[in-house]
Amino acid sequence: MAESPHEPPPPGRDPVLHVALRLFAGVGYDATTGRMIADAAGVDQEEIKARGGKPGIYEQIIADFFAAQNALFDEVAATFTADADGARKFLARVLDFYLDHPEAMALWQHRALDDAADLVGLDDRYRTPILRRTAEIMGAEALRHPDFLMIGNVVTWSLYGFLNGGIDRADGVHLEPGDPEARLIFRAQMHRLQDLVLGALYDEGPEPS
């Protein structure tokens, strides 16, 4: 899923954070060393130490992703409406955001497999607040609804699977997650799943014939 850490960073992107993110996403935190980051970024070891070493760089990447998530949530919350249409727009924006950040998503997937287990407290600082913000925007009552209890988990599991493996079409053609067709198919399926749940949640009856 992760591209080579030796690919040059986009203009304006911090080269150390850029290559570290790719390494952490590709082989995990535990298998990455400070020297690997320094070599891939073209800096010396002192630069890595000045940033807090591997742990400091890792947390900075997660903190930056957390800030980006909050910025998205601020934007969406400003126009959110507490109805099915508002929920669809919110969930669609969130899904697209995570599809646009596959390497950051890989960090959290690695953490679910006990990668970087020695770095305690990251979930409390960066994951739990996002779950709280989702509840604030959608409404705690909506998230407790029986028809909504599993939707977040199902979409998350599907997202991880898609970002790791792409899609196999019925004709046997394999589409990588970066393929525009694959993303179009995946988004359509996730939106259909969300529509089924949101229709029940907001008691949307069938359209009149």
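Trainee: How many salt bridges does the structure hold?

Mentor: A salt bridge is a side-chain nitrogen of Lys or Arg within 4 Å of a carboxyl oxygen of Asp or Glu. The structure holds 15 salt bridges. In one of them, the side chains of lysine 49 and glutamate 46 meet at 3.7 Å, N to O. Lysine 49 and glutamate 46 are three residues apart in helix α3 (residues 45-50), so about one helical turn separates them. This is a predicted model, in which local features need pLDDT of at least 70 and side-chain atom pairs count only at pLDDT 80 or more, while totals for chains, interfaces and linings use all residues. Residues are numbered from 1 along each chain as its sequence is written, and side-chain values use heavy atoms, with hydrogens and water left out.

Trainee: What pattern does the protein follow along the sequence?

Mentor: Helices (H or I, at least four residues) and strands (E, at least two) are DSSP runs, numbered from the N terminus. The protein has ten helices and two strands, in the order α-α-α-α-α-α-α-α-α-β-β-α.

Trainee: How is a pair of aromatic rings described?

Mentor: A pair is described by the distance of the ring centres and the angle of the planes. Rings of Phe, Tyr and Trp (its six-membered ring) pair if their centres lie within 6.5 Å; planes under 30 degrees apart count as stacked, over 60 as edge-to-face and the rest as tilted. The structure holds ten aromatic pairs. For phenylalanine 73 and phenylalanine 90, the centres are 5.5 Å apart and the planes at 70 degrees, so this pair is edge-to-face. Phenylalanine 73 belongs to helix α4 and phenylalanine 90 to helix α5, so the pair ties together parts 17 residues apart in sequence.

Trainee: Which element gives the most to the lining of the largest pocket?

Mentor: Rolling a probe the size of a water molecule over the atoms shows where empty space is left. On a 1 Å grid over the protein atoms alone, a pocket is an open set of points where a 1.4 Å probe fits, with protein on both sides within 12 Å along at least five of seven lines; lining residues have an atom within 4 Å of a point. Grid points are joined across faces, edges and corners, and the volume is the space filled by probe spheres set on the points. The largest pocket holds about 1,000 Å³ of space. Of its 32 lining residues, the closest to the centre are Arg127, Leu131, Gly152, Asn153 and Thr156. Helix α9 gives the most to this lining, with eight residues.
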